[in-house]
Amino acid sequence: MSLNLKTLVRLSARSLLNRRLTVFLSVLTIAFSVALLLTVERVRTEARTSFNQTISGTDLIVGAPSGDLQLLLYSVFQLGNASANMSWEAAQEIAAMPEVAWTLPLALGDSHKGFRVMGTDATYFDHYKYGRKQPLEFASGKRFNQLYQAVIGAEVAQKLGYKVGDRMIIAHGMGKHSFKEHDDKPFTLVGILERTGTPVDRSVLASLESIEAIHVGWGKPALGDIRTRFAEKQGKNTSLDRAQLQPKAITALLVGVKKKTQLFKVQRRINEGGQGLKVIGEPLQAVMPAVALQQLWKLVGVAENALLVVAGFVVISGLVGLMSVILTGLNERRREIAILRAIGARPMQVLLLLVAEAFILTLLGLLIGAGVFYLLLLIAAPAIYDIWGIWLPVSGFSLTELKLLCVIAVAGLLVGLWPGLRAYRISLAEGLSVRL
Amino acid sequence: MTGKVIIDLKQLSFAWPGQAKPALSIDAFRLNAGERLFVYGPSGCGKSTLLSLLAGVVVPQQGVVEIAGQRIEKLSAAKRDHFRADHIGLVFQQFNLLPYLNVLDNVTLACDFSHQRVTNLKQAQVSALDEAKRLLSRLLLPESLWTKSVMNLSIGQQQRVAVARALIGAPDLIIADEPTSALDRESRDQFLQLLMAETEQSGSSLVFVSHDDSLKSHFDRHLHLPTLNQAVSTVEPSAVEGANP
């Protein structure tokens, strides 16, 4: 009535400022718990977004049978390794199916300074889409069209400081210091891609033939094959031609169908052991990326929720700590309450004063927590990107995050209610009698 | 202002919750506007109870408490709080001030809780801040202390700030509960003089409670509460010592 909200907030703010040392720690506790909650939520959603946006426009991923998720992870996300390859003939069979619009072969297994090398077709740049069906764009240079040419992702370019025209050596196997460097076949860098936020950023792309070429004399192809290739190589002195470099096997095949309605039919035919295909006896597996991702979310959903619950409990314990600080302070503030009552404060206003106090502290905690969160994001984002390839953008709060913050703010109001009610009772019971 | 009745008590009886025997029972009592009343008596004679009733913190089980023409026993608790903010200035024995506000803010705080006081000041065409400054200088509080924390003040200075807060906006009634008991003789006399002068200036009535009847001479009316209070008049004062709620 006579005491407006501004006065109320001013009073509780001044009171808090007077006790800043004692309340500071509880604000800090809330701040850190809020930062933790926001981080868990952000990492969770960004991981999903990042995974979901990595591949779009691809209808099927085909590979040797290993499990839907595993196939997706090693072929697209560069996580884990293929347990087996699929034959080049099978890939060609699938490409020739009438329902299939396009296919992209993927050959993995080589690396350049810790980055994966992927052998594929030049049409990769036409068919591979990410995010909302965005195609890959070149920051500089162009796609590969000859042997020993490579295109690199934005992250590779940034980390290694490469420019178009640079030479690079591909190694067999992963790891920064591979023992088997194909240093007799340096690649020329012909293109650098724009950043996509997908594993493509950390890939070195080259034609299948190039990859095949550097493996001449390596691995364990048939003895006869080696001999002919070796002779060929010696004879022509590193000028191998395309026809002889046809790959024997690839790691996986991305498939686009002509009509979405034919998707299940194609998938079934491939899964049923190549029924209707010439290559019989080679077991294959075709998965839909979205379906496999769904499996992934099911799998990690439990862990995600557990993390969120833990973060939630940390926030709750922060709020409980705040409540205990205010409650403890209440005993020393009986005089303050009596003074306010003498001036004409109603018990309800005394209650509101304490609720305002808890609310102000919670808001302060939220504010500092958000600050810590963004600071954390700025500092940790590059490291997280390096390790998991998940880019955490420093962007405004999502709707879910805002909702979480609002819930905490409301909880802050509720936290003030208990000390407020106690103060209410004290002011009723003790009236103006000021006890020392 | 003379002729207006500021306090009018009739057939009053009050017992604290959970107690069968009334702590205060007064047949009739009146205080006129501008009067300065000295209430004295030993501990347990019902002084605090009387103050709580006058301030509207509690209401009597029976009888009438009329302050400045308003029967406050009929008001709701919230309205009584509002009424207290508007019409009554309270000064306690000690620790009257909020430690987190400076001297001036402590004085003007009374206006934050009362429209009436603000209106009174507006009619006199002064701002709350100017009036607070005027009162503080009238009460001989050095200007250098005005924006300081009240923690830096001596007890005597704190009590004078409390008087300024009670007086700002010229409420009808000032109630002072043993305001000098924590002061030494010199500050006590100075305090009393200033209190008298300023209540007179603002036209407020004063109820001054003390167990020290040597202060009597400063006041125009005296009330020996044990005589008026029928609830304790038959009991030896020593028998109820310390039973004051």
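What is the make-up of residues 306-330 of chain A, helix or strand, and how many Å apart are the end C-alpha atoms? Select that stretch to start the tour: residues 306-330 of chain A are 100% helix and 0% strand, with 36 Å between the end C-alpha atoms. Keep in mind as you click around that this is a predicted model. For the complex, the predictor reports an ipTM of 0.86 and a pTM of 0.74.

**Stop 1: the annotated spans of chain A**

An unreviewed UniProt entry puts the annotation "transmembrane region" on residues 21-40, 306-330, 351-384 and 390-418 of chain A. Pick residues 21-40 of chain A next: that span is also 100% helix and 0% strand, and its end C-alpha atoms sit 29 Å apart.

**Stop 2: a helix pair in chain A**

Now widen the selection to helix 2 (residues 20-54) and helix 10 (residues 289-332) of chain A. Their axes come within 9 Å and cross at roughly 170°. With that angle over the 145 degree cut-off, helix 2 of chain A counts as roughly antiparallel to helix 10 of chain A. Colour the contact between helix 2 and helix 10 of chain A by residue class and you get 18 nonpolar, 9 polar and 4 charged residues.

**Stop 3: where the chains meet**

Show both chains. Here 20 residues of chain A are in contact with 24 residues of chain B. On the chain A side, helix 1 (5-18) and helix 11 (334-343) each supply at least two of the touching residues. By class, the residues on that side of chain A split into 9 nonpolar, 7 polar and 4 charged.

**Stop 4: the sheet in chain B**

Next, zoom in on strand 1 (residues 5-14) and strand 4 (residues 62-67) of chain B, an antiparallel pair joined by 5 bridges.

**Stop 5: confidence in chain B**

Finally, colour chain B by pLDDT. The mean is 86, and 93% of the residues of chain B reach 70 or more. Over residues 235-245 of chain B, though, the pLDDT is below 50. That stretch of chain B still has 19 contacts in the model beyond near neighbours in sequence.

Technical notes. Residues numbered from 1 in each chain as written. Chains lettered and ligands numbered in written order. Predicted model: local features only at pLDDT ≥ 70, side-chain atom pairs only at ≥ 80, totals over all residues. pLDDT = per-residue confidence, 0-100. Contact = placed C-beta atoms within 7 Å. UniProt positions renumbered as here; feature names shortened; annotations may be inferred. Helix = DSSP H or I, 4+ residues; strand = E, 2+ residues; numbered from the N terminus. Pairing = 2+ DSSP bridges. Nonpolar A, V, L, I, M, F, W, Y, C, P; charged D, E, K, R; others polar. Axes fitted to C-alpha atoms, helices over the stretch in contact; angles between N-to-C directions. Parallel < 35°, antiparallel > 145°, perpendicular 65-115°, else oblique.
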